[in-house]
Amino acid sequence: MNVKTSPRAAAPRRRAADSRLDPDLVEDLVAANRTLARLGVLDAFGHISARDPRDPHRYLISRSIAPESATAADILVLDLDSQIVRPQDEGKLLYRERFIHGEIYKARPDVNAVVHSHSPTVVPFTVTRAKLRPLLHNAGFLGLGVPLFEIRKHAGDGTDLMILTPNLGKDLARKLGKEAAVVLMRGHGDSVVGPTLPNAVFRAYYTEINARQQLAAITIGGPINFMTRAEALTSNDAMLRASARPWALWRKRALAAC
Ligand code: MN
């Protein structure tokens, strides 16, 4: 009889483990999706994930839908190979570029949230010689470096520019490196990382804002007085603390609209 009872006993334990998804984190992730859509960083495409604080080898991300319409029921769990781990997630449509997230989490233990977007004003900086550099103090994190991923170097000509395989995810994570907060993706967008979900949302937003302001500065003409590396790094430290304030506002707005 023990043989029969033990599988039955195991099943509720597995369900209990699944139900331990932190409801606050799920709500944060929903708020992050809606916020970055409202702020014009994400359109119908793009995605945000958060590492599971209860199991660093897994992450939470929406099923493949437009981020603006994400709800708690859409959040699923993937392992760092970006495969589902829960029976209830079987058959759900997954983001095709999810390998961006899993491979960055593998390469960067300091990263607990990832935003991949087609941030519109950032894209011109991926296809020209103009380097995206920090000029706005909120964007001091750009001083950590802004590497550019050229997919042709890794997959040759003729791709759709998307990160559709684990190997391309690894290549992208390698280009991001050990320190940068942003990796640009040529003709595509960017991937932004942070130590917390609010900070990654903040950084994704201010990457777009800095790009808009840099474009405006280029239009005005003349040399641009960018932040120095020392200023950028000091600002980054300050903004790691300060990102809680806009996050509280954004989260409240996003969840009120649910
Ligand atoms: Mn994409």
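This is a predicted model: local features need pLDDT of at least 70, side-chain atom pairs count only at pLDDT 80 or more; totals for chains, interfaces and linings use all residues.
Helix 8 covers residues 229–242. At 1.5 Å a residue, its 14 residues should span 20 Å. The end C-alpha atoms lie 19 Å apart, which agrees with that expectation. Four residues of this helix are listed as buried: A232, S235, N236 and M239. Viewed down the helix axis, the buried residues fall within an arc of 110°, so they line one face of helix 8. The spacing follows a general rule. An α-helix has 3.6 residues a turn, so residues three or four places apart point the same way. On the other side of helix 8, A230, T234 and R241 are exposed. The buried residues pack against helix 7, which runs through residues 197–220.

The largest nonpolar core holds 44 residues. Within this core, L36, I48, F141, V182, L197, Y205 and Y206 touch the most other members. Several elements each supply at least two residues. Among them are helix 2 (23–38), strand 1 (47–51), strand 3 (75–79) and helix 9 (244–256). Strand 4 (113–117) and strand 6 (182–185) also contribute at this level. Helix 7 gives the most, with nine residues. In soluble globular proteins, nonpolar side chains tend to be buried together.

F141 links these descriptions. Leaving aside neighbours within four places in sequence, F141 is in contact with A181, V182, R203, Y206, T207, A232 and N236. A second, separate core has 25 residues, including L78, L80, I151 and L168.

Conventions. Residues are numbered from 1 along each chain as its sequence is written. Side-chain values use heavy atoms; hydrogens and water are left out. The expected span of a helix is 1.5 Å times one less than its number of residues. Buried means under 20% relative accessible area, exposed over 50%, partly exposed in between (1.4 Å probe, protein chains only). The arc is that of the directions from the helix axis to the C-beta atoms. Contact means heavy atoms within 4.5 Å. A nonpolar core is a set of buried Ala, Val, Leu, Ile, Met, Phe, Trp, Tyr and Cys residues joined through side-chain atoms within 4.5 Å.
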